[in-house]
Amino acid sequence: MRVWRHIGRQQWAKTTVGVAAAEYLRFVGMTSRFILEPEDIYQRGEADMPIILAFWHGQHLIAPVARRTKHRVNMLVSRHRDGEINAIAAERLGVGTIRGSGNHGGGFVHKAGVAAFQSMLDSLAAGCSIALSADVPKVARVAGLGIVKLAQASGRPIYPSAIATSRRIVLGNWDRTTINLPFSRGADVAAEPIKVAADADEAGLEAARRLLEERLNAATRRAYALVDRSRKDH
């Protein structure tokens, strides 16, 4: 067991796994057909660019190959070992990365979080969208305040989104990580965007956080309903 842990810490091992994961996801994207809801979401979003794209943790892995957009996107990736693998995979798929994570209290105050928050602000100011999971660390399906404060500070809207595939494996870990399988029917659903006022007080920020949680859950339910209905109909 210690041997495997030692190997897992080696950069060559993380690079190998990251590259393999990226190529697997690319294959899933090439062999699957995704529908958009709403169909004109890219056209609608043009006026709002850059945006903050929010997913639930565990559903975000397929996003780089399911979403086809010409706009530049940077993804927030945690700084732990698994995050390093995710970063390698994302960058191989053409997505930039910012390393860091938030906390339950809503700030980005640990794991180089302050620097990551500033990097995301700089990215948005430069016209590059940000993609990140909305969950607080290790607490699935509970949105944190960090993403809401990012929207407040940047003035950019949050787009709650969900991506699902008809063929998938759902793991039993804390975030119910989904491994999307090839030859699937997919759905990419975006809920109505959320804007956070620059002068929002504590109550206003909490209201935006709850709204984000509700819209992410609604988008997730809709995405799975679309692909599972297709699966039953065929």
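Me: Which residues of helix H7 (residues 146-154) are buried?
Reply: Gly146, Ile147, Val148, Leu150, Ala151 and Gln152. Buried means under 20% relative accessible area, exposed over 50%, and partly exposed in between, with a 1.4 Å probe and protein chains only. Helices are DSSP runs of H or I, at least four residues, and strands are runs of E, at least two, numbered from the N terminus.

Me: What should I know about the model and the numbering?
Reply: This is a predicted model, where local features need pLDDT of at least 70 and side-chain atom pairs count only at pLDDT 80 or more, while totals for chains, interfaces and linings use all residues. Residues are numbered from 1 along each chain as its sequence is written, and side-chain values use heavy atoms, with hydrogens and water left out.

Me: What comes just after H7?
Reply: Gly155, with a positive phi of about 75 degrees.

Me: Zooming out, how many helices and strands are there?
Reply: The protein has 8 helices and 11 strands. Of its 234 residues, 47% are buried.

Me: New topic. How many salt bridges are in the whole structure?
Reply: A search finds 9. A salt bridge here is a side-chain nitrogen of Lys or Arg within 4 Å of a carboxyl oxygen of Asp or Glu. Side chains of opposite charge can pair when their charged atoms come close.

Me: Which residue does Arg92 pair with?
Reply: Glu23, with the closest N and O atoms 2.7 Å apart. The pair links distant parts of the chain: Arg92 is in helix H5 (residues 81-92) and Glu23 in helix H2 (residues 11-31), 69 residues apart.

Me: Is Arg92 buried or partly exposed?
Reply: Arg92 is partly exposed, at 44% relative accessibility. Glu23 is partly exposed too, at 31%.

Me: And what does Asp228 bridge to?
Reply: Arg168, with the closest N and O atoms 3.1 Å apart. This pair also links distant parts of the chain, joining helix H8 (residues 202-233) to strand E9 across 60 residues. Asp228 counts as buried at 17% relative accessibility, whereas Arg168 is partly exposed at 22%.

Me: Which residues are linked in a network of salt bridges?
Reply: Glu206, Arg209, Arg210 and Glu213. Within it, Arg209 and Glu206 have their closest N and O atoms 3.0 Å apart. Both lie in helix H8, 3 residues apart, about one turn of the helix.
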